[in-house]
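Morning, everyone. Please bring up the model and keep the sequence beside it.

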Amino acid sequence: MSSLETKKKKLSPNPSLPDDLLLSIVARVSRLYYPTLFLVSKSFRSILASPELYKARSLSGHTESCLYVCLQCCPGYRWFTLCRKPDQTLSSYTTKKKSSGYVLATVPIPSFQKASFLSLVAVGSNIYNIGGSNYHSPSSSVSVLDCRSHTWREAPRLRVEQLCLSSSVLDRKIYVAGCYNDSDSNSLKNFLEVFDTKTQIWDTEPIPCRRKDNFLYSQSTFVDGKFHVVTKREGVIAYDSKKGRWDRTGQCLYYLMNSNSYCEIENVLYFVSDGEFMWYDTELNIWRDMEGLVGRLSRLPPDVSVRLADNSGKLAVLWEENLPYCRPGFAIMKKIWCAEIALEKRKSKILGKIEWFDHVLTVPAANDLVKVLAATV
């Protein structure tokens, strides 16, 4: 064998390893490195697209939480996932001039219908887009992004076409609040449906809604196991599924009405308002400041777009930073920053510890953050 042939053989991606062994090795690699492995060879791309890989990850206990970011672009939408650069070691946020090693990598997902902050929810390895961005036209569509194969599929549709819906998740069930046009009375009526992601079936009967409350342009979230709907006109109401009733609740949640900067982690609601990180004390029905944050994240600029997500019990934070105008003929750009904050509960306090933060993506200024979600794969 010539020296050239020997060199080519050495450069081959483990040609002598059995497929089962190679699959087992890749299953133990963190999902953060998969976008890099995808670029190595066709063999690796085939393995990464294989359903057997995720079966092996599950059986070996190597499933993990992965962040997905949806951006509204011009035109359409793009998806990204958080990954690690090759040959990078995680550094403390206090280290200067050294990258954390995290970046947002483009996910090659086919185009799909419109989406909004309120239409997207994550359950397990799937991201559901319910109704899309249906502020002006009713919709009953439900599409599902499989975060293992990065493919879309259709799911059972809503029972009725809803307008301005809002979705939240509890115990792998998706609660969807919205309005529908009642042809008999020629008026908008409230509607609340529940979708069981295990059985892939909508409840046969919708949950009765109070007539005087208006779900048009509402927000929703779960607090203390209750489905809270923040209405524009009637304040905040909560549905207790165990008791099967609606109650009027703490009106401090009304702050969420005009915000998409909140998420729930381990039964605690977190919120960013005017750049300040807060959490909701359900015992006293008040917002409290998160303590322990220092440096850049002690307070973000009050006018930036911020998105939050539960990343395995830690608070994932994404925010935008507009870059200064360059010169004629060049697009105006902006940076997307990401941070991960560990949370510690101490009686009436919650302390936040910044594990890392970094600039993870640069995009045209016309692009907008829609939502960040964590899928388990």
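How many bridges pair strand S18 with S19, and in which sense? Four bridges, in the antiparallel sense; S18 covers residues 276-281. One of the partners: Tyr 280 bridges to Trp 287 in S19. Strands here are DSSP runs of E, at least two residues; helices are H or I runs of at least four, and both are numbered from the N terminus. Two strands pair if DSSP finds at least two bridges between them.

A word on sources. This is a predicted model: local features need pLDDT of at least 70, side-chain atom pairs count only at pLDDT 80 or more, and totals for chains, interfaces and linings use all residues. Residues are numbered from 1 along each chain as its sequence is written, and side-chain values use heavy atoms, with hydrogens and water left out.

Back to the sheet. It is open, with four strands in the order S16-S17-S18-S19, and the pairing is antiparallel. S16 (262-265) and S19 (286-289) are the edge strands, each pairing on one side only.

Now the whole chain. It has five helices and 24 strands. Of its 377 residues, 48% count as buried, meaning under 20% relative accessible area with a 1.4 Å probe, protein chains only.

Next, the cores. A nonpolar core is a set of buried Ala, Val, Leu, Ile, Met, Phe, Trp, Tyr and Cys residues joined through side-chain atoms within 4.5 Å. The largest holds 28 residues; among those touching the most other members are Val 26, Trp 79 and Ile 127. Helix H2 gives the most to this core, four residues. Another core lies apart from it, with 22 residues, including Cys 263 and Trp 319.

Notes. Buried means under 20% relative accessible area, exposed over 50%, partly exposed in between (1.4 Å probe, protein chains only).
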